[in-house]
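Here are a few notes to read with the model open beside you. Take them one at a time.

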Amino acid sequence: MESIPFSASDLAALNAEITLTIGACIVLVWGAFAERNNNTGHRFAWITLLTVFAAMAGVTIGLPALMSNGVATAFAGQLAVDGFGSFFSALFLVAAALAIGASFRFLDDEDAHAAEYYFFMLTSLVGMMIMARAADLISLFVGLELQALSVYVLVGYLKSDRRSSEAGVKYFILGGLSSGVFVYALSLIYAITGTTNIEAIRTSLNVPGTTDNPILILGLILLVVSLAFKVAAVPFHMWAPDAYSGAPTPVSMFISVASKAAAFAMMIRLLFVAFEPMTASWTALLAVLSVATMTFGNVAAVTQDNVKRMFAYSSVAHAGYALMGIVAGTAYGVSAAMYYLFAYTFMNIGAWAMIVIFRREGMACDRVEDFNGLVHRSGWAAAAMIIFLLSLGGIPPTIGFLGKWYVFGAAVEAGYGWLAVVGAINAAISIFYYLRLVKAMFVADADSDVTLVHSMPLNVTLALSAVITILGVIWATPFIEWVQSATLPF
Amino acid sequence: MEIYAFYAIAAVVLSSAVLMVTSRHLVHSVVYMVISFVAVGALFILLEAEFVAAVQILVYAGGIVVLFLFVVMLVNVSETYQVEFLHRQWLPATVLSMILAAQIGFLLWGNAGGLAADPSASGSVLRAVEGGNTETMGMTLYTDYLLPFEVASVLLLVAMIGAIYLSRKRV
């Protein structure tokens with residue numbers, strides 16, 4: 001009526017999300033009309049990759065320019081324009097690009113539709129970026145649901161595979177339940193503070209006496225429970241092993257990294273900004289969750305014979321390490337958790353990408369024995385896998401080691417020395433099951449039924465992940481400086 | 001005057017809700033549910049929240065009930081006809097109802113639980129706006145909440161495409 005309710009700087013702040021949405025619509029509409037054969041499938045993968053790169057340029061070039069002009073929020077305070085949001089957006093986009101590399105050949109081999117697959121991947125990216133950047137509970141929730149709905153479909157994407165469908169349904173039901181708990185917690189918080197703006201909630205909680213309110217405390221507990229669901233922290237992790245092991249492998253690698261990082265981003269912003277006045281309460285809750293998550297995840301992973309389930313439990317355990325940085329409750333702790341998620345992205349994607357390589361009689365296969373004798377068949381693949389496993393186990397010289405060093409240091413500095421000890425014991429347990437794979441690759445004889453399915457994009461994913469896992473140690477400073485500057489708003 | 005209208009409508013809401021749960025015939029249940037929904041819509045009009053009233057009638061009494069009737073028609077009614085009134089879930093249902101009742105009681109009598117005093121809750125602010133609260137709501141939705149509104153439209157697209165993809169037979 002009076003004028004357009006947004007400005008050019010609002011649109012500039014949202015440029016990456018807009019790019020991704022347009023890319024998603026192009027893929028969807030083109031997919032509806034295209035003849036179906038392998039070449040069209042690859043065409044959609046390239047469009048998606050191009051869209052992701054364009055969005056990456058928007059995040060790494062466009063947003064800093066906007067920030068240097070003094071823009072802090074956009075869309076009437078709904079969207080935060082800060083280094084924290086940009087860091088996580090870039091992380092999601094990198095994870096998506098690497099996962100797309102692993103998807104090219106995989107979708108051909110599984111004879112699955114490509115257009116919708118990449119559509120859901122792009123829309124889930126939009127949701128994740130909104131989750132990491134929302135400055136208001138309403139936008140945050142809508143972003144969370146956009147991410148979640150896209151990912152449910154991706155997990156159940158292989159309709160002819162019963163495990164995939166089962167995983168999709170389980171993830172959908174438990175994810176829906178946890179979203180219900182989440183929005184209930186938000187409603188209780190709104191009832192007490194009278195605002196949905198994350199910054200305004202902090203102001204409202206700083207009023208003396210507010211934080212003793214039993215309804216608010218119930219809201220905080222439910223909030224932590226639902227966030228624990230989303231990051232798959234024990235005892236709210238039960239969906240994760242089924243979802244990760246049943247999902248198509250490139251989807252498992254994508255969601256075990258990107259969805260988890262998005263949930264962490266949301267957790268950090270809610271706890272460190274909105275609930276900053278109640279830091280003592282939630283650090284106590286999260287310390288318990290962190291110990292349970294690390295210990296249960298690692299112990300459960302030891303007993304698995306299926307590699308996908310093993311890595312699913314291992315990713316549960318890694319959420320426990322990242323939680324340690326948040327438990328510290330300091331800006332240093334947040335930067336440690338963020339660096340851990342950064343390191344985890346590359347080493348975990350690399351490890352999952354190795355599973356995509358193995359096929360038995362045309363079917364995807366994922367048992368520990370399938371890795372037997374890998375070193376005799378492909379020395380490069382075995383070398384890359386060793387790099388990823390060392391990094392996941394936290395052994396130098398890898399970024400996984402730096403990440404663990406960083407979170408343990410943050411925990412010790414904040415007075416949680418015992419938590420760092422538990423973490424170190426857990427790292428030792430985890431080496432036990434990672435070494436099982438190393439032993440299979442080197443000691444055992446190869447099984448001739450298993451074929452290695454390489455493709456150029458998959459090799460690029462593997463090579464990039466391996467190179468960053470190693471070089472990230474040599475050139476560690478820029479990454480650490482980036483992470484620390486991204487934590488500045490807290 | 002308003003208070004009598006409230007009691008009359010509240011009586012309709014409650015009695016039709018009880019009848020919906022107790023009636024043995026599925027279609028009767030659905031009809032009682034419609035009556036309950038429409039009466040809740042009337043309560044909203046009494047509060048001068050005409051937008052919420054319209055949404056209540058359109059979405060609940062309209063859309064949701066049609067969905068229920070579809071399900072009733074699709075399942076074999078004669079089999080579900082004889083369901084026990086107190087089935088296996090009575091215990092968890094009772095516990096949850098008690099918790100809900102305790103929460104409502106706490107809010108009503110426990111000093112309103114320290115709820116934030118929101119001046120617009122009294123309706124006086126909204127009533128003052130020319131064109132009533134529907135226009136206020138629209139203005140707010142398309143200005144302050146433009147971003148979540150747009151993201152929600154992508155969300156609905158994803159939900160639709162997802163449902164079509166998953167339910168479509170092999171192509």
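This is a predicted model: local features need pLDDT of at least 70, side-chain atom pairs count only at pLDDT 80 or more; totals for chains, interfaces and linings use all residues.

1. Residues are numbered from 1 along each chain as its sequence is written, chains are lettered from A and ligands numbered from 1 in the order written, and side-chain values use heavy atoms, with hydrogens and water left out.

2. Look at chain B, where the axes of H2 (residues 26-46) and H3 (residues 50-74) come within 8 Å and cross at roughly 175°. That makes H2(B) roughly antiparallel to H3(B) (angles over 145 degrees count as such). Among the residues of H2(B) that meet H3(B) are Phe37(B) and Phe44(B), and H3(B) brings Tyr60(B) and Phe68(B), among others (contact means heavy atoms within 4.5 Å).

3. Now try H8(B), residues 146-167: at 1.5 Å a residue, its 22 residues should span 32 Å, and the end C-alpha atoms are 32 Å apart, which agrees. Its buried residues include Leu147(B), Val151(B), Val158(B) and Tyr165(B) (buried means under 20% relative accessible area, with a 1.4 Å probe and protein chains only).

4. How do the chains meet? In chain A, 43 residues are in contact with 32 residues of chain B.

5. Finally, find Ser256(A) in helix H11 (residues 249-274) of chain A. Ser256(A) is buried, at 0% relative accessible area. Leaving out residues up to four places away in sequence, Ser256(A) touches Tyr244(A), Ser315(A), Tyr344(A), Asn348(A) and Trp352(A).

Notes
Axes are lines fitted to C-alpha atoms, for helices over the stretch in contact, and angles run from 0 to 180 degrees between N-to-C directions. Helices (H or I, at least four residues) and strands (E, at least two) are DSSP runs, numbered from the N terminus. Angles under 35 degrees count as roughly parallel, over 145 as roughly antiparallel, 65 to 115 as roughly perpendicular and the rest as oblique. The expected span of a helix is 1.5 Å times one less than its number of residues. Buried means under 20% relative accessible area, exposed over 50%, partly exposed in between (1.4 Å probe, protein chains only).
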